[in-house]
Each structure stands twice: as structure tokens, then as C-alpha cells.
Amino acid sequence: MKKQITLTVNGVKRELFVASNELLLNVLRDHLELTGAKYGCGIGECGSCTVLLDGEPILACLTLAMAVDGSDVVTIEGISGSDGRLHPVQESFLNHGAVQCGFCTPGLILTGKALLDENPQPTEGEIREYIRGNLCRCTGYTQIVKAIKDSSVKGKA
Amino acid sequence: MNEKTELRIIGKPIPRHDAWEKAFGLTCYAADFSLPGMLYGKVLRSNYPSARILSVNTSRAERLKGVKAVLTAKDVPRNESVTRFGQTHVVGGGFEGLYRVLADRKVHFMGEAVALVAAEAEEIAEKALELIRVDYEPLPGIFDPIEAMKPDAPLVQEGRPNIITHYEVVKGDVKMGFSEADIIVENTYRVPFVDHAYLEPESGMAWIDEDGVITIRVSTQVIEHFRGIADVLNLPHNRVRVIGTYVGGGFGGKEDITVEAFLALLTYKTGRPVKLTYTREESILSHSKRHPYVMIYKTGAKKDGRLTALEAKLVSDAGAYVYLSPWVLLYSMVNAAGPYRIPHVKVDGYTVLTNNTFTSANRGFGAPQVCFAYESQMDELARRTGLEPEKIRMMNYLEKGEALATGQILERHVALQETTEKVIEALEERTLPSGQMRIGRGIASGMTSYGRMVFLHDTSRSHVSIEMDGSVTIRAGIQDIGGGQASSLCQITAEILGVPIEDIKIYIADTALTPFAGTTTATRQLYMSGNATLMAALEVRKVLVHKAAGMLGIDPESLDLVDREVIDKEGTGKSLPLKEVVRACASDGVPLYHVALFKAPFRNIAQFERIEGQVFPDFTFGTHGAEVAVDEETGRIQVLKLISSFDVGRAINRLSVEGQIEGGAIYGMGYSLTEEVILNQGITMTPSFSEYLLPTSMDVPDVETILIESGDGVGPFGAKGVGEPSVCSVAPAIANAVFNAIGVRIYDLPLTPEKIVKALKEKKDMG
Ligand code: FES
Ligand code: FES
């Protein structure tokens, strides 16, 4: 049974017909062609599918699209400026070499952004705690933690 | 260019060219690509580790609405061939194994592919799998390689012995060596199956192009599998094209064929585009693993610490198919005695078929396993001789000009003295113990080759051209698996042609359009394709400089290319914009491109049984240091400090090099503490990330990286490879630190809390 829902995705209102068992991850990737959110495990264990739901990081692979009818969704495609300018967290990831294969990157940048929106001056420990659900197999996290920390400092200046 | 000339772009910590797209979330990974009218592929896998297939009935699945193809072994034009790994030189000697696309008559491990489905929707394909009926007759399996070596063991693959390979390394006379020893240490070490756990599961998409060419866009480390895929379809090699995507992590797990042959078959049969992405569970269940080893080590030393002899027996579990097992074992053989001067050495190695998941390449390729053993042994010897762990190592490290036990001369700088000193320095003050937390620290050193074995006759090609406006194009058939492989070629070219990196566009990984650059494995791309690209860029530069010299009336020797200009180095102020020189060349019909071929040194192997002589182009040496806190009650280990020091030859991109070394250290830390694919009678007990535990941001310390730049590598500008070497000695460093903390040694990875608690209890019981 399909039902109509409304989502605001990256600032644009979208009316969608979704099945009751359809996941937000599939709606974003298959219907809206926003492939920045990734399938890494499908069962909430890796964080690759992270998007922001009303500003909070959530796992799109565990979220039924119908359950978030009316919400505001931000994906990695939606955080840079309309002129193509990088969000400060994105820029910091580049400058710190926090991007290797890049598969975890959208999820980690969004999680980093959510943390800084909520706590603009996190300690290293708070950063590590906040991003613990986002696995990265390539970097060992050192440069990711530094990137988030550094964008918080820059954001303040 | 090996000396430390001042370079403009090489060595700088600049963001990679691919980082922007990745940070924007726009990089189109294998699963992010779709085509109109595409079908979804799925694979039916065996539920038994060892069984006869009595019958396969696909008729109900075929009748399901939306199902477009159901294929079994009988539908594969050539179901059995030989495993190749992109190598074009046939080595023979039992070095290659059986490649079987779909199980036929028997299944040999749990998760082996039995049938393929393509359907209009993923759910339909899943439903179709349920409708395929396979009747199995379970057979006794064999799951322990030591058991599998026995003469009466059941055979895993019909018609071939379970022992795939036996190699030996012999130097001097170990009997004599042990008789000269004052101290002998003898232990048995075990290391587990490990999953690559790249975050991007295996994925690809295939279609038939307008000329009838089977085209496969896939996440792979080896686009040159196109030949093997064409063989499966019985098609000429030039009728199959593989396009490699940016890969969401490889680590050796995308070195063998994964989805390619399945996709090719499904698209060939249906004429429609087909997409296939493994689920995480399927990935853990069915793709290759790192080899578990049993390693019996005996090491002898004089009272003063000098090593006299080393004897080792290695047995690796190849799982149900050969794949890269003989290669991995060969690496272990060469590495088994470590980077040490030992007069008498004997190593025996076996790799053995079992009904476990097959094993193949995994970052480090046989080097980390033996490093765990030889570096634990060194620590034991340090304790027994009363020497500091660094002292006994520094006394015995090989130096440039000396030979490994195989006789291979180390022709390049061996930086172990420096890396060890740096690590000791960086460990600094010992953290103070508190409560039930015991603090300990350990070091370990290692060596890992970069570049493929020289008897594979490895080559790489790269094409560099300059356009009319002075922008530059590189075409190279490399796969980028996240290590900055493509970006470093851009940096090398930018340096040589005097243009900013943003003026460079690189096309990679397309068997139809980019010159073959070989596999992204064996830490070989910077070495091989870096050198090929350097050669090509230098040729283009030569043409430009020659032309500009004529135009300016200056000796070519005194010209340089800087910031899109040709300038007089002598400071006369004479210069020309680069694009003007390009235009002049174009109107003269001078080629503004060059395709270079770089060849590694070629050698042939005299015999396979006894490993001798030069096997590798060069090695990367490094040391890890760890400080740990061990909770004596719970057995939990926390890594407080992790230090990696490597001679990288020359850092082409500092950010990338450090990133590789940090990531490698944590990859090794997972191997040390938590990662293990547990197989019970061939059945995977750890099919998800809640059982297979990767390090999270909470578990890991900041890795401190200390680079040594000897400039003495065989890569471009004297660079060495670091991708795999960065993992090698982490596990023994941590195990040695644990020993230092609590006085018990664990001989089996991973070092789980249960093992620690048990070992502490045994120690206490013994009083
Ligand atoms: S894909 Fe959602 S957590 Fe892994
Ligand atoms: S960069 Fe590859 S998983 Fe994080």
C-alpha cells in the first residue's frame, strides 16, 4: 500500500508516494537520486546512511519513510552553499586529509555538523563520543576528529 | 631526482583532487549509478560448508513475474578456469588455482555461489531466490588446516590434495645455530580470519553498449579481470570492458573477482543493464578473508643478545579455494625471519584447503601474521637476556647491503635504527597506573614489500598530454581505492610540468580507454604508475623545454617550468607562457603527449619449493610503539598511545602518507584486539558489525606518525610504498605492551578480555 508523504529535503518540499515498508535511505537514493547517503550495512551498525532529520543525525537505513512524514531532511548534498561553497566542516575535512575512500565521509560530515550546531566548542572527548556510531575503516579517525575540532575553532573566529 | 631537491608540489600536505567531490557527497560509487530499464541481480548461496548438490530446480523462480533470468552452473559458458590477478605473465608452478563461477555438483564452503537471479526489482529477485530449490546431501567437512594435512583427511576439492603448496627457506644449518645459542625461545602463535570490512560492500552494474561490448562498472582493485570475465563468457577479451569506480575501501578484498562475472552473465543473458550489490552479511559470509595461521617459532640467541638461529613452521588456512593463498604464503616465507641478521634459518610453510570461507589478499598480505610471531619472540628474548627490547632489536637489525635469509640483498636504506629511536622518544613519560589498571608499553618493528613479486614481470603505463590551453590530461588504468592513488599521479605531473594541480584532469580505471597500469594491490601503484607517470611527464616536459629554448634563444638546460610559464632559471627575466609553447609545438606537429611504460625488475623464479634470491623490488621498514592500560579485573585493554614511524622514502603528499599510516595503525589495532571472523564448523558466527567488531572513534588513541624520508625508495622521487606496511607490526607492539603491563603473554590474536583474564588466572594459580 502506497501512501503520499511530504518531506522537505535540502530545503525543497517533496511530495512522494511510498510503500509502508520503504526506508528513508531508499527513498533518498532511488526516488530522489540523492546518493550521498550510503548503504554500508542496512541494520544500523555503520553510520554510512546518516542524514539530518530536523537537525538531528539519524540512520536512514532504519527509518521508515512514512514515519517521518512532514519532517525536514538534510543530506550531504544540502549543506554546501548554493554557490558551491563548502560548509566549514567539509572544508576542514579536506584540509585535514580526513577523506580517504570517502564512503563514510557524508555521514561523518553531517554528524560533525550536527554536533557543532548543538555544541559549538566540543572537546576531543565529546567529538569522539558523538561520532562513535559512524565507522571509518580508512582513516583511523585521527584526522576526522581533528577536522571537526578545527572547524569548531574556525567557526567561532 | 632522488636527492632532496626543493620541490613545489611534491611533499606538500595538499587536499587530494578527489576529496572535493567526496566531501560534497557527489562521487558516484558503484552502487550510486543506475541506468534506465535496469534489473537487480541477486546470488543464491550455499547453506552448507560441504555438501553434494543433488539437484537444482529453478522452474518456480523462473515463473515468478518480473524475473528475467535464473542461472546455474550449466548456464555459464566456461564455469571453470584459472585464477589470475591481473598478471599477464604466466608463472605456472601451481601458483594459480581453480576459479569456479558457480558451484557445480558440490559446495565447498558456506556462502559459495550456487545460482544467480536478475529481476525487475530487488524484492522480486529476493523472492526468486527463495523459490529456487536446491537439494543438498551434507558431506563431512574439514575445518582445521592441521587436520586437513593428514593423509586420510577428506579432500576439499576433488582430485587435488588439500596441501596446496609447501615452500621452504633454508640458510645455514639451524641445528648448528641452536647449538651455539645460550637462550632458546619456543612458542606457537595463532592468528584469526579477518574481514576487510570496507564500508562499501561489493557492488557493480553491467550493460551491453551500442557495439555489443559487455561493459561493467564496478568497485574493484583490478580492472584487468576483464580478461578472466571474457573467458567466463567465451568472448574475445576486447568484447568485455571494465570501468573501475572510486572504491569505498579495498584492503585486498576487492582484488579477486567479486560481482563482475555474475553481472556479466546476467546482462549477457538478459540483454538488460543489471545492478548487483552485496548485503553486508553476504559480504562477510562470501568474500575472501585474511589467512589464519598457526606458527611454530623457535629462536635462539647468545647471552649478549646476538641471534644465532630461527626455525619456523607456518600453516595457513586457504579455505575452500586456492585464490591468492600460495602468493600470501610466499610473502610470509620471505618475511618469516623478520628484518634481522640471523646466521641460520629454516622456515617451512604450508597452505592448506579446508571447508572454511576462502582466504586471499588482505592488507599486509602474509607479512603481519609472521610479524606477530617474530616480534613476540624478540620481546621474549629481550626479557630472557635482560636487554631492553629496543637494544636487542637494534643489535640485530639488518643493514643496507646485507641479505635476508632468502639471499635477497637489501639494496636500499634500512631505517630501522632511526624508526626505533623515534618511537622510543615519542613514547615519552610512562602514564601512571591507577587502581586495577596496569600500564605497559611495547614496540615492534617490521618489513613489508611494496611492488609485486619480481617473477610476475610487472609493468605499468601512463599517458600524459597537454592541451592547447596548457591544461594537462593523465590517462592511467589505475584503480583508486582511497589511498590517493590518482591524486599522487596528478601531483607528480603538476610538479614536472610546472602547473597548479587544478590544471590537471585524470582519467582512471577503464580497460577500453586508459593504458593498463596493473592492479591496485601490493602497495604498487605509487611505485609503478608513479614512475610511469613521471617518465611520461618528463617526456612531455622535454618537448616543451626544447621548443621554448628555440623560441627564447636560451640553452634548454637553463629553463624551468613554473606557474604555467617557461622561465629562465638564470634570472634574466626571459619567459614564455606555457600555452604559447604548446601552440607552437602543435603547429609544428610535435607530439604533445607521451605514453610511458615502466617495468619493475624482471626475474624468474628458479624453483618454487625453495624460496631464494630476489623476490621483491624493495621493502618499507618501520616501527610501532604502543602504551596500553590493562584492567586486571575485566581484562579490558585500552590503547593509550600508538606511535608509527616509517621510512617512506619521500612523502609525495604528506596528508595522504600520514593518513595511510594512521589508518593502517588502527587497522592493525583492530587485528590486535577485537577483529575475528569466527567460523564454527565452517559456519560464520560473526555476520554483522555487532559481532565483528571494528575499532570506533571511542576505542582508538590519536595515532602519532613520525616520517623518515631517506629518499632511497624505488618509487618516484625516491618514494616507498606505505599502504600495507603501515599495518605490519601493530599487533606485536600491542601484545608486547600487554606483556609489559601484566607479565603474561598472549600467543593468539585477538587479545580479548577473556584471554587476558584466563591468562592472569593461570599465572596466579601457578603462584
Ligand atoms: S547503512 Fe545505516 S547504519 Fe549502516
Ligand atoms: S574514508 Fe574510507 S571509510 Fe572512512
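Buried, in these legends, means under 20% relative accessible area, with exposed over 50% and partly exposed in between (1.4 Å probe, protein chains only). The structure shown is a predicted model, in which local features need pLDDT of at least 70 and side-chain atom pairs count only at pLDDT 80 or more, while totals for chains, interfaces and linings use all residues. Residues are numbered from 1 along each chain as its sequence is written, chains are lettered from A and ligands numbered from 1 in the order in which they are written, and side-chain values use heavy atoms, with hydrogens and water left out.

**View 1. A mostly covered helix, α7 of chain B.** Helices here are DSSP runs of H or I with at least four residues, strands are E runs of at least two, and both are numbered from the N terminus. Take a look at residues 260–270 of chain B: nine of the 11 residues in this helix are buried. Among them are B:F262, B:L263, B:L265 and B:L266, along with B:E260 and B:T270.

**View 2. Chain B as a whole.** The C-alpha trace spans about 85 × 70 × 55 Å along its principal axes. Chain B has a radius of gyration of 27 Å, which agrees with the value near 27 Å for a compact globule of 767 residues; the radius is taken over C-alpha atoms, and the globule rule is 2.2 Å times the number of residues to the power 0.38. Of the 767 residues, 66% are buried. Contact means heavy atoms within 4.5 Å, and among contacts in chain B with a separation of 6 or more, 81% join residues 24 or more positions apart.

**View 3. Where chain A meets chain B.** On this interface, 45 residues of chain A are in contact with 52 residues of chain B. The two chains bury about 3700 Å² between them, 56% of it on carbon and sulfur atoms; this is the accessible area (1.4 Å probe) that the two parts lose on being put together, summed over both. In chain A, the residues losing the most area to chain B are A:L94, A:Q100 and A:R137, together 21% of what that side buries.

**View 4. A salt bridge at A:R137.** A:R137 pairs with B:E675 in a salt bridge, with the closest N and O atoms 2.8 Å apart. The rule, a side-chain nitrogen of Lys or Arg within 4 Å of a carboxyl oxygen of Asp or Glu, finds four salt bridges across this interface.
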